[in-house]
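The sequence and the model are shown first, and a description follows.

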Amino acid sequence: MSNTKNSSESQDSRNSRKGREEDTDENVAENRRPKPMEVLRNARAQLAELTGMTAENVSSFEQTEDGWALEIEVLELTRVPDTMSLMASYQVELDPEGQLTGYRRVRRYERGRSDAQRQGGR
(Lines give C-alpha, C1' and ligand atoms only; values in the text may rest on other atoms or scores of the structure.)
Protein backbone atom coordinates (compact mmCIF):
# COMPACT_ATOMS: atom_id res chain seq x y z
CA MET A 1 0.00 0.00 0.00
CA SER A 2 2.86 2.37 0.75
CA ASN A 3 4.19 1.94 -2.85
CA THR A 4 0.77 2.92 -4.19
CA LYS A 5 0.69 5.95 -1.92
CA ASN A 6 4.23 7.03 -2.94
CA SER A 7 3.55 6.63 -6.67
CA SER A 8 0.28 8.53 -6.28
CA GLU A 9 2.04 11.37 -4.44
CA SER A 10 4.81 11.57 -7.05
CA GLN A 11 2.21 11.62 -9.86
CA ASP A 12 0.38 14.46 -8.07
CA SER A 13 3.69 16.30 -7.70
CA ARG A 14 4.47 15.94 -11.43
CA ASN A 15 0.97 17.12 -12.39
CA SER A 16 1.26 20.09 -10.04
CA ARG A 17 4.63 21.12 -11.56
CA LYS A 18 3.25 20.68 -15.09
CA GLY A 19 0.21 22.79 -14.21
CA ARG A 20 2.41 25.59 -12.83
CA GLU A 21 4.58 25.52 -15.98
CA GLU A 22 1.51 25.80 -18.23
CA ASP A 23 0.13 28.63 -16.11
CA THR A 24 3.44 30.47 -16.39
CA ASP A 25 3.54 30.08 -20.20
CA GLU A 26 -0.08 31.23 -20.51
CA ASN A 27 0.49 34.20 -18.20
CA VAL A 28 3.53 35.30 -20.18
CA ALA A 29 1.56 35.14 -23.44
CA GLU A 30 -1.44 36.95 -21.95
CA ASN A 31 0.60 39.64 -20.22
CA ARG A 32 2.83 40.38 -23.20
CA ARG A 33 1.51 43.46 -24.95
CA PRO A 34 3.20 44.31 -28.21
CA LYS A 35 5.69 47.15 -28.19
CA PRO A 36 4.67 50.35 -29.99
CA MET A 37 7.08 49.77 -32.89
CA GLU A 38 5.67 46.26 -33.37
CA VAL A 39 2.16 47.73 -33.47
CA LEU A 40 3.21 50.36 -36.04
CA ARG A 41 4.90 47.83 -38.32
CA ASN A 42 2.06 45.33 -38.06
CA ALA A 43 -0.63 47.98 -38.65
CA ARG A 44 1.10 49.19 -41.82
CA ALA A 45 1.58 45.65 -43.10
CA GLN A 46 -2.01 44.60 -42.32
CA LEU A 47 -3.53 47.70 -43.95
CA ALA A 48 -1.34 47.28 -47.05
CA GLU A 49 -2.35 43.62 -47.33
CA LEU A 50 -6.06 44.41 -46.98
CA THR A 51 -6.16 47.42 -49.32
CA GLY A 52 -3.39 46.55 -51.75
CA MET A 53 -1.99 50.07 -51.31
CA THR A 54 1.40 51.16 -50.07
CA ALA A 55 1.45 52.53 -46.53
CA GLU A 56 3.65 55.63 -46.73
CA ASN A 57 3.74 56.80 -43.11
CA VAL A 58 1.91 56.95 -39.79
CA SER A 59 0.64 60.44 -38.97
CA SER A 60 -0.93 59.65 -35.59
CA PHE A 61 -0.64 56.85 -33.08
CA GLU A 62 -2.14 56.31 -29.64
CA GLN A 63 -2.95 53.55 -27.20
CA THR A 64 -6.65 53.46 -26.28
CA GLU A 65 -8.77 51.56 -23.77
CA ASP A 66 -9.70 49.11 -26.55
CA GLY A 67 -6.25 48.71 -28.09
CA TRP A 68 -4.58 51.10 -30.52
CA ALA A 69 -5.69 53.86 -32.92
CA LEU A 70 -3.56 55.05 -35.83
CA GLU A 71 -3.89 57.28 -38.85
CA ILE A 72 -1.91 55.93 -41.78
CA GLU A 73 -1.19 57.75 -45.03
CA VAL A 74 -1.29 55.58 -48.16
CA LEU A 75 -0.53 56.11 -51.83
CA GLU A 76 -3.85 55.54 -53.64
CA LEU A 77 -2.96 56.55 -57.19
CA THR A 78 0.44 57.26 -58.73
CA ARG A 79 0.58 60.22 -61.11
CA VAL A 80 3.29 62.15 -62.94
CA PRO A 81 4.61 64.38 -61.57
CA ASP A 82 4.69 62.68 -58.18
CA THR A 83 3.32 65.78 -56.47
CA MET A 84 0.00 65.10 -58.23
CA SER A 85 -0.28 61.51 -56.89
CA LEU A 86 -3.40 60.83 -54.84
CA MET A 87 -2.85 60.11 -51.18
CA ALA A 88 -5.36 59.01 -48.56
CA SER A 89 -5.47 59.05 -44.81
CA TYR A 90 -6.93 55.97 -43.10
CA GLN A 91 -8.11 55.69 -39.50
CA VAL A 92 -7.00 52.24 -38.32
CA GLU A 93 -8.08 50.47 -35.14
CA LEU A 94 -6.28 47.52 -33.58
CA ASP A 95 -7.02 45.29 -30.61
CA PRO A 96 -4.65 45.19 -27.60
CA GLU A 97 -2.56 42.47 -29.29
CA GLY A 98 -2.04 44.62 -32.38
CA GLN A 99 -4.46 42.84 -34.74
CA LEU A 100 -6.36 45.13 -37.09
CA THR A 101 -10.06 45.26 -36.20
CA GLY A 102 -11.19 48.00 -38.58
CA TYR A 103 -10.18 50.81 -40.91
CA ARG A 104 -11.80 53.62 -42.88
CA ARG A 105 -10.61 56.32 -45.24
CA VAL A 106 -11.01 59.74 -43.64
CA ARG A 107 -9.65 61.97 -46.42
CA ARG A 108 -8.08 62.05 -49.89
CA TYR A 109 -5.66 64.64 -51.20
CA GLU A 110 -2.96 65.31 -53.77
CA ARG A 111 0.53 64.66 -52.46
CA GLY A 112 1.68 68.22 -53.17
CA ARG A 113 -1.23 69.90 -51.36
CA SER A 114 -1.26 70.97 -47.75
CA ASP A 115 -4.34 71.24 -45.57
CA ALA A 116 -6.04 74.61 -45.60
CA GLN A 117 -5.32 76.39 -42.32
CA ARG A 118 -8.20 77.79 -40.34
CA GLN A 119 -7.96 81.47 -39.60
CA GLY A 120 -9.69 83.35 -36.82
CA GLY A 121 -11.35 80.23 -35.37
CA ARG A 122 -13.60 79.65 -38.40
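In which strand does Ser 89 lie? Ser 89 belongs to strand β3 of a model that is predicted.

**The sheet**

An open sheet is built from four strands, arranged in the order β1-β2-β3-β4 with antiparallel pairing. Its edge strands, β1 and β4, each pair on one side only. On average, neighbouring strands of the sheet are turned by 20 degrees against each other, direction ignored. As a general point, strands of a sheet pair through backbone hydrogen bonds, either parallel or antiparallel. Here, β1 and β2 run antiparallel and are joined by nine bridges. Within this pairing, Thr 54 has Leu 75 of β2 as its bridge partner.

| β1 | 54–64 |
| β2 | 67–77 |
| β4 | 100–110 |

The peptide bond leading from Val 80 to Pro 81 is cis, and its omega is near 0 degrees. In general, most peptide bonds are trans.

**The surroundings of Ser 89**

Ser 89 counts as buried because its relative accessibility is 0%, and the cut-off for buried is under 20%. The side chain of Ser 89 makes a polar contact of 3.1 Å with the side chain of Glu 73. Neighbours within four places in sequence left aside, the residues in contact with Ser 89 include Glu 71, Ile 72, Arg 105, Arg 107 and Tyr 109.

Definitions and conventions. Residues numbered from 1 in each chain as written. Predicted model: local features only at pLDDT ≥ 70, side-chain atom pairs only at ≥ 80, totals over all residues. Heavy atoms only, no water. Pairing = 2+ DSSP bridges. Helix = DSSP H or I, 4+ residues; strand = E, 2+ residues; numbered from the N terminus. Axes fitted to C-alpha atoms, helices over the stretch in contact; angles between N-to-C directions. Buried < 20%, exposed > 50% of the residue type's maximum accessible area, 1.4 Å probe, protein only. Polar contact = N/O pair within 3.5 Å; in protein donor to acceptor, adjacent residues only side chain to side chain. Contact = heavy atoms within 4.5 Å.
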